Structure formats: C-alpha cells, structure tokens
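Subject: A structure to look through

Dear colleague,

I am handing over the structure below, and I would be glad if you kept it open while you read the notes that follow it.

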Amino acid sequence: QGRVLHSYPICTPSAPQPAVVMAKRKADELDPEELKAHLPSVKNIFLQQKASLDSFFELLDFDEVSILTQKLLECKGSVLFTGVGKSGFVAKKINQTLVSTGTRALWLAPVDALHGDIGLVGEGDILVMFSKSGTTKELLTLVPYAKAKGGYIVALTSKKDSPLGRAADMVVNLPVEKEVQAFISSTGASRETPPATSNTVQMLFGDTIAVALMNARGLTQNEYAMNHPAGRIGKRLVMRVLDVMMQGDKMARCLPSDNGLQALTKLSSKPSAAGCLMVTNEEGILQGTLQDGDLRRALTQHGKAVLEMSVQELMNFAKTFPHTCAKDMMAADAVLEMEKHKCTYLPVVDAEKRLEGVITVKDLATAGL
C-alpha cells in the first residue's frame, strides 16, 4: 500500500483472494505419490470423451441436420459464420473448410459486425451462429440487425431452448450432456470446466456437414485441388512434369561422338544438371544418359582410357536404356515412377523420343512433392 512506481501510488489489496482463485503450487513441490493420486489416467480421460461423443451421436436429430444441409446447398447468397471465444475459433475453421471445398462462405466477427461489417450480410444469405450456451450477448445483439438485412439465422447450440435458439430462424441442437471433467473434485472450487467436449462436437459437426456438401455437389479431387494450389494436395493433383522439369540451358547435353573428357567438362559446367548428362543426336532424339555412376563403373573396367572413349560407349554403362516420361504426366506419378525403377531422374521426351527436359528427385522435392 505504500509502494510508489513512477510517482504513481499503487494500492496492494490486503483482502483475501476469491475462493475460485486457488494458491499455486509448483509441480516439484508435490509428492510424486500425491500427484499421481490426483491425476486420472490419460486413458480414463479419453474414455470420458468417447462416452460424451457416443451420447452426442445418439441424441443428434438427423432430421434437423438434413434440413440444414439442404438449406446450405440451396443458399443463393453467401454462408456466413460467427461465434465468440472458442466457439468463434471453431466457426472460423469451419468457414475455411467450406471455402476450400467450393462453398461461398465468409467469417463475420460479431463485434465488428455491429460496427460496419454487417454490410457483408444480404438478402438470401445464411448466418450460422456457434454458441454452446445460446446466451452469448454479442450474438443476441447481432440477431435482429442481421435479420433486418435479410439474413437467415441458424443457431448451433447445446441449449435448444436458449435465448439464441428462440431468436434464430432455425436451431440445430448439438447435444452435449457434460464436458470432460478437467478439475479434481477435492479442490472445493466450481465444477465448471473448459469446453473440451462441446468444442470438439462443434468441430466434428461442422466438418461432417462440409463433407456432406462436398458429396452432394459431386466435388472432384481436381476441383478440390484447384482451391489448394500451394498445398501438397493441390500440387499432387494439379502439377504436371512440365511445371517442374528442368529444360533448355539448365540441362547438360552432349553428342554420342563426344569423348569422356568432353562429357566430364560439360557435366561439371552445369551444377543444375544434378550429375546427369543427356545424350542426344543432332536431331535432339534421346540416345541415352551419362551419370557419374556410369563413369565410375567404366573407370573400374577401363581406367584412364575412359577419357578417350566415346560417349556412345560410356552412356547407359552396364544398365538398360533410361526410363523416360512425358511432360503431361502428373508430377506425383513421376515420383512413383522413380520409386518403382529406383532412379533419381527421368528424361522427358515426346512421342518421337525427342528430348524436352529432365525431371529429378531434387526438382520434385523443391516443388513440395
């Protein structure tokens, strides 16, 4: 009470702390046996969660779910999602899932909506509100204004007969009998617990609705990939060999008539070639390849004479003609080809075996494949 900080007096409260604020004890101050006695097994907690989720599926009204799915499917405007706190984070996530799967969806921050962002809501839009209790003040304040803008309000709540449930145009009950218990009963504190179960139910429900909409629309993998161009899914389903292959001056090339020394020089002058020399004739038709492995095998048999030997003699040394691919092959399939044939590169050729490029493991790795 007598402390002063930067010339401003600060009162130190002497009154006892509220009952819900318990004294903190460091974990290393607890006796291991005492700590063990107060901690239920991890399996126990998971079994509690399973029981709650089993109950959710038993009590969920699938008629309500079907009606909601149909309304979302037939929505002529946008589907907007909102929520506060942890329910808000879930609403954001479900919004992103729907956006990425072809639904015109938007996130609406409830407080910002009351200060201008409600302009996002229009005639024919559906506004989905996440609230476990159905008493979230910010959402209740928003309801009449969203309705005035022509929005159709859907409440996703665990309390169907709540203020939000009564105010909404449609309510879907997400039944949660009880949250998985986070606190031990001997503390004497309130038995309120973090919404670990209700948020899980919200997420599960939202994602499952998203999958139902994907099925109903007949969304294909390629359509899905078009919305994920930078992700691994998008790359595997969209990118072709042409998009990642090495071509032009980046390739190391030589003629069959070149000798071993010339081949080595060309190979060394192209670090980007990844130790792989493409051998073509004057018309650009692929004749074979020459790798450092071919040179090592030839050196083992012929010694320094390798430097004077022709590339025609050295290429594909002690191995079969290289496996090739076309530029319109999916890049993901090129990965499988390399794994199948245990090689680190594939020359890219046209129907007449004319060299168009080369794709390497390094190229595919750099592209995230």
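Before the first finding, one term is needed: a crossing of two helices is called right-handed if the near helix is turned clockwise from the far one by less than a right angle, and left-handed if the near helix is turned anticlockwise. Please also keep in mind throughout that this is a predicted model.

With that term in hand, you can look at helix 2 (residues 42–59) and helix 8 (residues 196–217), whose crossing is right-handed. Two packed helices are described by the angle between their axes and the distance between the axes. Here the axes of helix 2 and helix 8 come within 11 Å and cross at roughly 50°, which means that helix 2 lies oblique to helix 8. On the side of helix 2, the contact is made by Gln49, Ser52, Leu53, Phe56 and Phe57, while helix 8 brings Ala196, Thr197, Thr200, Val201, Leu204 and Phe205 to it. Sorted by kind, the residues of this contact are 7 nonpolar and 4 polar, with no charged ones.

The next place to look is strand 9 (residues 276–280), where 5 of the 5 residues are buried. Cys276, Met278 and Thr280 point one way from the strand, whereas Leu277 and Val279 point the other way, and all of them are buried. Which strand pairs with strand 9 in the parallel sense? That is strand 8 (residues 252–254), over 3 bridges, and there Cys254 has Val279 as its bridge partner. Strand 10 (residues 286–291) also pairs with strand 9, but in the antiparallel sense and over 5 bridges, with Val279 standing opposite Gly288. Strand 9 and strand 10 form a hairpin with 5 residues between them, and Gly284 in the turn has a positive phi of about 85°.

After helix 13 comes Gly303, which has a positive phi, near 65°.

Finally, strand 6 (residues 152–157) is mostly covered, with 5 of its 6 residues buried. Strand 6 pairs with strand 5 (residues 126–130) in the parallel sense over 5 bridges, and Met129 stands opposite Ala155 of strand 6.

With kind regards

Key: Residues are numbered from 1 along each chain as its sequence is written. This is a predicted model: local features need pLDDT of at least 70, side-chain atom pairs count only at pLDDT 80 or more; totals for chains, interfaces and linings use all residues. Side-chain values use heavy atoms; hydrogens and water are left out. Buried means under 20% relative accessible area, exposed over 50%, partly exposed in between (1.4 Å probe, protein chains only). Helices (H or I, at least four residues) and strands (E, at least two) are DSSP runs, numbered from the N terminus. Two strands pair if DSSP finds at least two bridges between them. Axes are lines fitted to C-alpha atoms, for helices over the stretch in contact, and angles run from 0 to 180 degrees between N-to-C directions. Angles under 35 degrees count as roughly parallel, over 145 as roughly antiparallel, 65 to 115 as roughly perpendicular and the rest as oblique. Contact means heavy atoms within 4.5 Å. Ala, Val, Leu, Ile, Met, Phe, Trp, Tyr, Cys and Pro count as nonpolar, Asp, Glu, Lys and Arg as charged, and the others, Gly among them, as polar.
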